[in-house]
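Subject: A structure for you to explore

Hello,

Here is the structure I promised to pass on. Please open it and keep it in view while you read my notes below.

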Amino acid sequence: EKVCYNERKEKGMNEMAKKRESTPGENLAKQIIEQYKPKSVADMQDALKDIFGPMFEAMLQGEMNNHLGYESNDHGIKTTDNRRNGYTNKKVKTSAGEVDIKVPRDRDSSFEPQLIPKRQKDVSEIEEKILAMYAKGMSQRDIAETIENIYGFEISHETLSQITDCVLDKLDDWQNRPLKRMYTFLFADCMYVTIRKEYKSKNYAVYTILGYDLDGQKDILGLWLNESESKHTWMQIFDELKTRGVEDVLFICIDGAKAIFKDVVVQRCIVHLIRNSIKYVPSKDYKKFTQSLKKVYGAPSLTASRKAFEQFCQEWSQYPGAVDVWKRNFNHIEQLFDYGSAVRKVMYTTNAVESINSSFRKVTKKGAFPNENALLKLLYLRTTELYKKWNGSKVQNWAMVRNQLATNEKISARIEKYEHMI
C-alpha cells in the first residue's frame, strides 16, 4: 500500500507540473539566458538593448503596414500610390541605454509613427524621472551623474534646463487657475530663500497660502516672491485671489493684516507666535516650553485656558521675552474659544502649514538659486509632491468642524449660499 501511495503521489506531482505552463516572460528569460549567458547586470542590460531594437523595428513596421494598407512584400493590387521608401537610422534612449534602430519611411512622407514620434529620441520616460529628482532637490550635476550611472548615456546641463523649464508653463497655468468661491480657512505664511542677483546673494520672501474648501480639501492657492515680507504685498496677493474668483473666507490665520474679506475672522497664526516666542528660550527647553503652551491654546474651555496661561507665565517667568509675546497676543487665544473645539483645533494645529514649510526647506537649504525661475519651478514641483501626498484626503475630523460651524447662524447662512452654487 505504501508503494502504491508513493506512486500515486509522484504521478500527481508530474501531472501538476505538466498543467503549469511557463509564462511568456519566463520563456523569454530562458531564451535570453541561454543565448547571451549574462554574468552581470551590465550584461543583462546589453541583452535587453539587443532585444529592444528589433522589437521597436517590428512594431514600427506594423504601424507602416497599417498606414499603407498592405504588408511588406505584398505584390497584390494596392489602393494607394504611396510606397515604402527605405529606412532612417535613429538612435533612441531607452531605460536600458541607447539603442540604434531603423525607422521605415514612405514616399510621400505622410507616415507619422506613434510608438516613437518623429524628432523624439527618448523613450525612457526620462523627463519624468528628471523632474522627480529635481523635485527632491537634486542639483543638475547630481542628476546628470545619476542618469549616466543608471542608464548609460550622458545628458547635458542645457538639456536638463530645457526639461525642467517645461514646468514653467504648468506653473503659470496653476498660478492663474480659477479658485473656489469660498474657503473656510486660509493660512498665510512666508519663508526666506537666497537668490543670486547681480552677482550678489539676497534673501527673498516666498509667500504661500494654504486653503481649506467647504469639503475640507487642502489646496495651496499660489506661490509669490518678493524682496521682503510686507503688509502691502499681502494685500496685493489677497486682491489677486479675489480676481481669481474667491468671494468669501470664514477664517484667515495671518499676522498683522487687516480684514480683506467681509466678515472674515482674522486669527494670529499660532505657528508664528510659537516661532517668535522660542527665540527667547534655550533649545534644551523648547519641548517643555511648547508643551506648556499647548495647554493654553488647546484647553477645553476659556476658563481652563486662562488658568493654564497663569501657570505658564509663572513657570516660564525666567524667560520674560517669551512670556511677553503671549501676554501681548493672549486676546487671540481668547478669540479661539468663540468656536467649538474642532474649529479651534483647525486654527491652532500647525501640522499642515509646517508640512509645507518642511517640504520647501528640504530643497531650498542647499544654497542660493541662480534666478527666480529656478526657485519657483522647484517649489512648484514640491507643491505637486504635496498634492500626491494629500491624495485628496480631507482635513481630520472635518465632519465635526462642519457641524460646529453650522451652530453659528451667520456662518451657516454664508456656507449655505455657496453650497447652493456648487
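Which residue is the bridge partner of Tyr-183 in E6? The partner is Val-249. Before going on, a word on the source: this is a predicted model, in which local features need pLDDT of at least 70 and side-chain atom pairs count only at pLDDT 80 or more, while totals for chains, interfaces and linings use all residues. Residues are numbered from 1 along each chain as its sequence is written, and side-chain values use heavy atoms, with hydrogens and water left out.

**Strand E3 and its partners**

Strands (E, at least two residues) and helices (H or I, at least four) are DSSP runs, numbered from the N terminus. Two strands pair if DSSP finds at least two bridges between them. E3 pairs with strand E6 (residues 248-253) in the parallel sense, over 5 bridges. With E4, the pairing of E3 is antiparallel and runs over 13 bridges. Here Phe-187 stands opposite Leu-210 in E4. The hairpin of E3 and E4 has 2 residues between the strands, and Glu-198 takes a positive phi near 55° in this hairpin.

Buried means under 20% relative accessible area, exposed means over 50%, and partly exposed lies in between (1.4 Å probe, protein chains only). In E3, 12 of the 16 residues are buried, so the strand is largely enclosed by the rest of the structure.

**Aromatic rings**

A pair of aromatic rings is described by the distance of the centres and the angle of the planes. Rings of Phe, Tyr and Trp (its six-membered ring) pair if their centres lie within 6.5 Å; planes under 30 degrees apart count as stacked, over 60 as edge-to-face and the rest as tilted. A search of the whole structure finds 18 aromatic pairs. In one of them, the ring centres of Phe-185 and Phe-187 are 6.4 Å apart and the planes are at 15°, so this pair is stacked. Phe-185 also forms an edge-to-face pair with Tyr-212, at 6.2 Å centre to centre and 65° between the planes. That pair links distant parts of the chain, with Phe-185 in strand E3 (residues 182-197) and Tyr-212 in strand E4 (residues 200-212), 27 residues apart.

How buried are these rings' residues? Phe-185 has a relative accessible area of 1%, Phe-187 has 5% and Tyr-212 has 6%, so each counts as buried. These residues belong to one aromatic cluster, along with Phe-251, Tyr-339 and Trp-398.

Two lysines are worth a look as well. A charge sits over a ring if NZ of Lys or CZ of Arg is within 6 Å of the ring centre and within 35 degrees of the ring normal. The charged end of Lys-78 sits over the ring of Tyr-70, 5.0 Å from its centre. Likewise, the charged end of Lys-242 sits over the ring of Phe-261, at 5.2 Å from the centre.

**Two loop residues**

Ser-109 has a positive phi, near 55°, although it is a residue other than glycine. You can find Ser-109 in the loop between strand E2 (97-106) and helix H4 (126-135). Asn-397, not a glycine either, has a positive phi of about 60°. Asn-397 lies in the loop between H16 and helix H17 (398-406) and is partly exposed, with a relative accessible area of 46%.

Enjoy exploring!
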